[in-house]
Amino acid sequence: MHRRIYPIVGLVLPALLLLGLAVGCGETEEPTATSAPHTQKPPDPTVAPTESAEDRGQEVDDRQQSELGSAIEEHSQAIAIDPQDTEAYYHRGLAYVTTGQYDQALADFGQVLERDPANASAYYVCGQVYAELGEREEAIAYLERALDLGLNPEMKQYAEELLKELGRE
């Protein structure tokens with residue numbers, strides 16, 4: 001059974017933006033009072049496009065995968081320097097989730113919870129991963145623990161929706 005992972009992207013993307021690893025980061029410049037606004041010319045209908053929307057989408061996916069790989073590598077280096085760096089484990093775990101490397105993600109979130117047993121977000125992500133893996137009881141246990149510890153309103157809503165999908169009694 002393949003479930004949708006609730007707002008993992010909502011967790012990963014802000015983390016990657018903070019790290020400067022998001023797609024296109026640093027490639028745009030902020031408009032100033034003296035600069036002209038950027039305008040996009042309409043495509044020339046006499047020129048055949050060089051790539052399809054699907055090709056462009058694949059390019060973005062490849063770029064995102066590359067950036068996630070870089071994030072994993074950077075967080076791995078941070079962990080090598082400081083094996084107690086809970087934040088590095090957390091963010092590497094998010095990158096692992098996003099790339100579908102669930103075993104590695106669960107290992108990293110295990111490290112987070114060992115160091116910070118009241119980390120509701122880590123329980124939440126573990127619950128999502130277990131749901132994705134079809135491990136219903138584990139998913140329910142982690143999501144309920146996340147709710148008990150207190151999630152922000154958006155994450156709480158998603159956790160409750162996922163618990164309903166899992167048929168929590």
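The questions and answers below concern a predicted model.

Biologist: How many salt bridges does a search of the whole structure find?

Modeller: Side chains of opposite charge can pair when their charged atoms come close. Among the pairs found are arginine 136 with glutamate 137, whose closest N and O atoms are 3.8 Å apart, and glutamate 144 with arginine 168, at 3.6 Å from N to O. For the whole structure, the search gives a total of 3.

Biologist: Are arginine 92 and aspartate 108 buried or exposed?

Modeller: Their side chains meet in a salt bridge, with N and O 2.6 Å apart. This pair links distant parts of the chain, since arginine 92 belongs to helix α3 and aspartate 108 to helix α4, 16 residues apart. As for accessibility, both arginine 92 and aspartate 108 are buried.

Biologist: Which backbone nitrogen does the side chain of asparagine 119 reach?

Modeller: Asparagine 119 sits in the loop between α4 and α5, and it counts as buried because its relative accessibility is 14%. Beyond its neighbours within four places in sequence, asparagine 119 is in contact with Tyr90, Val112, Leu113 and Leu149. At 3.2 Å, its side chain reaches the backbone nitrogen of serine 121.

Methods:
Residues numbered from 1 in each chain as written. Predicted model: local features only at pLDDT ≥ 70, side-chain atom pairs only at ≥ 80, totals over all residues. Heavy atoms only, no water. Helix = DSSP H or I, 4+ residues; strand = E, 2+ residues; numbered from the N terminus. Buried < 20%, exposed > 50% of the residue type's maximum accessible area, 1.4 Å probe, protein only. Polar contact = N/O pair within 3.5 Å; in protein donor to acceptor, adjacent residues only side chain to side chain. Contact = heavy atoms within 4.5 Å. Salt bridge = Lys/Arg side-chain N within 4 Å of Asp/Glu carboxyl O.
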